[in-house]
Amino acid sequence: MSDRTVQTVVGMEVHVQLKTRTKLFCSCETRFGDVPNSHVCPVCLGMPGVLPVMNREAYRLAVMTALALGCRLAERTKWDRKHYYYPDLPKNFQISQYDMPLGEHGHLEIETPDGDRKKIRILRVHLEEDAGKLTHAEGGGNASEVDLNRTGTPLMEIVSQPDLRSVDEVRAYCTGLRQLVTYLGVSEANMQMGHMRFEPNINLRITEDGGTAATPIVELKNLNSFRAVERAVAFEERRQLDEWDEGRLTLEQAGKVTRGWNDDTGETFVQRQKEEAHDYRYFPEPDLVVVEPEVEWIEGIRAELPELPLAKKDRFVRDFGLSDYDAGVLTAHIEMARYYERVAELSDAPKAAANWVTQGLLREINARGETFYREAVAITKREYDKAEDAIADVAEVMGPQFMQLAPHLVVSAEKLAELVSAVEAGTVNKQAGDKVLKGMIETGRPAAEIIEAEGLAQTSDTAELEKWIEEAIAANPGPAADVRAGKKKALGRIMGHIMKASRGKANPRVVTELLEKKLAP
Amino acid sequence: MADLLDLTAIEMLAALERGETTSRDLVAASLQRIDALDGRVRAFLSLRPEKALAEAQAADARRAAGEPLGPLAGIPVAVKDNMCTADGLPTTCASRILADFRAPYDAAVVSALRGAGAVIVGKTNLDEFAMGSSTENSGFGPTRNPWDLDRVPGGSSGGSAAAVAARMVPVALGSDTGGSIRLPASLCGVVGLKPTYGRVSRYGLVAYASSLDQIGPFARTAEDAALMLQVVAGHDPRDATSVDRGVPDYLAAVCGADVKGLRIGVPKEFFGEGLDAEVERLVRAAVSACQDAGATVREVSLPHTAYAIETYYLVATAEASSNLARYDGVHYGHRSAEHGDMIDMYCRSRAEGFGDEVKRRIMLGTFALSSGYYDAYYLKALKVRRLIKQDFDAVFAQVDCVVGPTSPTAAFRFGEKTADPLSMYLSDIYTISANLATIPGLSVPCGFTVAGLPVGLQVMSDIFTEGRLLGIAAVVGQATGARHRQPPLLDTLAGGKGVAR
Amino acid sequence: MGIERDEVAKVARLARIAMTDRELDTFSEQLSRILNYFDKLAELDTTDVEPLSHALPVANVFRDDAPGKSLPVDVALSNAPERTEAAFKVPRVLDEASSA
């Protein structure tokens, strides 16, 4: 076999559920997991005589996203009917956008694991309604059941150009998009709730024997997690190459094929070809008027765009002196980034704050059980206003992991900042600090109280320290002599004795200084 | 008792005020008339007699107690069965596919009627899903023209038109997509108005063609039509296509209306081949009468009239094919008893539930929208639609209204046009353009043929000038005195106009 | 142009309406005649004419993102030809998961 290069080419279509209180065309609530068909009305049921009316907030959130992606906003946008018959689509058409999407030609900057940055071009952003849910009836048999609670939920569809070249880039794009929408606050992007659905379009470009050919494009439908996307794309890369070796079927010959992903077997499979699947008979939705957004309104939204993830990450590295890795961890979720920044600000010790958050706090979060977070959620519900109910919903589904999205529920930024300051000031040492953190989480009391109550304050009082030092030196003549002889390592033995005798309260930094002076060669 | 039903709604209100009658008597008379005649006329698909009488009684009590009353308080009315009513009566659209459908909500216009105190006695017959010009396409049998039971009442709002013509109710609501109020109004000798697109909320009107549908009143006088329009017109936040624009005082526009200085345009394209000679004579006489009353008349041209039918039937059927896609037996409506898989269920349910004309239009519309044909058919029709609108814009720069026949003929016999669908479509030739151009149009009776069949004069004017139309209708109505003639059918009531048989 | 019988069959399938052979014949003939009549539109030169796709020259109609009342489940399902306690029941769908 002659030399050949194989290039993976992937374009992504992502559906993002927008964070609105009500559906796109009616005022039913967009809630998750309740009794089937309990959030429906004649409009989203598609009953005879009903009409859609556009949700202003959904439109605003979609515009915000399009702006953040650097898209050109359409001066004039409209909606279209996309026709297909399915029991979860009561009108048997979906109101979507066809030829005049609200935003076009933008890009998303991604960062791959090896630190490279790349701009992935965004073809279009548009707004459409979701369908309901079809489930197979229990006990097998010949029936399916339809729940229309989700019907009419606002979805934003973001379509990229086929600029992605590897599984890593695909993953970076997906997580980057999730990060963006949560930063903007346009979506909760909770994967368990199906807020983001991915459809990679993947093929290979194969160069060999002096020519280049492309394999048929495979559209993978409805992947709902990053892991599924990674595995599916990786599988397709291999499968398409194998298929190519067998039959050399090209893009020109076969066009586009739809495949589904089986998470259990880890394989893609051909989906039953829906005949006429491509004749959606689009035409402009006559019940909705066009939208010509006012420039002032657009600029107002643009002015309110928050700092975007990579920009924030770069700023953390630059201004706070954090490592690239730490900055990445802290900016992964907007809630964590805001939390960290508050702690850094209040404690005026950004690097230490970073350590306390990424190590101390996250460790405690991961160690906590289910009971704890439910209690935290219950407290939140009482203390915060209705906006936090969304977090409570998320907590229900995610379990303890959710604490990463709401670190302020574990310990408030103000309280953590106090702890950071206390350690920086030398009031407690790091070890004691860990104990204080545990205490703060468990009791909700502030650092100062716990330090006082448990007597965890370190002593920097020279007089008191001298006493322990004298006593330790007396008890460890050998090591003392070693240190005087220049063997610095022996200090450790004496330090250990002092820390034990003082029950951890001796300030190790000051003790070290004093010891070094005392035992100077 | 039957004399009560000769009163207009406004006259009824006055009589109620003066204590000369009660709402209960009005509604009871209405129900008795329906009972006596509807076996033959078939205007109604469903009735709600007990509730109607109870509501009438309640209205009487409120009136007696001096409580505030709505503008239609205690007046019996009828509503075309393609408008949702949530009070237990089905909303069938005269289709077997919705034979048992019970809407969980009231249409905006129904709420408005109830809010005005009107007493809805029942739902009226129509061509299935409002698709037709004769009510012969009803899934539950046709309505008969009260002026001649062997002839059609026109369509699609044949039931409402007949109910008013037979004086079962003084006023009723219909819907008009290509002439479905005006045509039956003409054939049944009553006033029928299609408002400007967007003047009346479509929320709760079962959609046929979304960009053409409008709800409007039937009445025997322009004043009654004005009263009805006043009640139902106005912005509705549930209908994004309803205009946010104040509603003028239509009654004031009608009161003391005259046509002095009115500039009337008579389109030459409306007086060509196919127009019945008698109809033409009566229409021209009405125009002359207006001239005598001070109007000026000139010939105008609506050059794209010849293309209106095709344009309409492409736009309307495309939208209809989409609007009717939801009738699939999944969430409501008829589901085929025997079926295989999902697709089979859809196909059988729809085949069983829809009548032939509905199927034809769905197929046409689906074809017009399908890939490969979209540009040549649907898109092309939308462009011609703009040309038709521009025709009217140009004409209204020169005249205040456009006048002509509503229908090329008076009421035709059953079966006369059903063999060839195309021939039925051609009966809409004069009315269709108004829907395409979104302008308001009205039909007012202007005389009778030698055979005693009513003929309607159609008047169209610029957007949001319904007051002008109603004023002209008042003048023509007075001039021709058509409202005083009643269908011979009413003479068959026992004792002439006395107690019903 | 008219419309061929097999094209009519395709359209009927797209429109989800079952048809007997006889119906296909009748509809083919009727639809053909109607479409031939519609070909008149091709006579018109509409090169620079903008399609009138929205009846009103109105823009920007929205509603607030404020919750309203939903229907009780029983009412929502009250017209369902077949139902379980809280869901619409349909024949099993052979295709895999829904689109969108």
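**Notes on the predicted model**

1. In this predicted model, chain A contains an open sheet of 3 strands, in the order 5-4-16, and the pairing is antiparallel. Strand 5 (93-96) and strand 16 (283-284) of chain A are the edge strands; each has a single partner strand, so one side of each has no neighbour in the sheet.

2. Within that sheet, strand 4 (residues 80-83) of chain A runs antiparallel to strand 16 of chain A, and 2 bridges join them. For orientation, the residue opposite A:Arg81 in strand 16 of chain A is A:Phe283.

3. How many residues does each chain bring to the contact between chain C and chain A? Chain C contributes 37 residues and chain A contributes 48 residues. On the side of chain C that touches chain A, strand 1 (62-63), helix 3 (73-76) and strand 2 (88-91) of chain C each supply at least two residues. Strand 2 of chain C gives the most, with 4 residues. By class, that side of chain C has 21 nonpolar, 8 polar and 8 charged residues.

4. One bridge pair to look up is A:Ala143 with C:Pro91, the latter in strand 2 of chain C.

5. On confidence, chain B has an average pLDDT of 95, and 98% of its residues score at least 70. A stretch to treat separately is residues 496-501 of chain B, where pLDDT stays under 50. For these residues the model has 17 contacts beyond four places in sequence.

Conventions: Residues numbered from 1 in each chain as written. Chains lettered and ligands numbered in written order. Predicted model: local features only at pLDDT ≥ 70, side-chain atom pairs only at ≥ 80, totals over all residues. pLDDT = per-residue confidence, 0-100. Contact = placed C-beta atoms within 7 Å. Pairing = 2+ DSSP bridges. Nonpolar A, V, L, I, M, F, W, Y, C, P; charged D, E, K, R; others polar.
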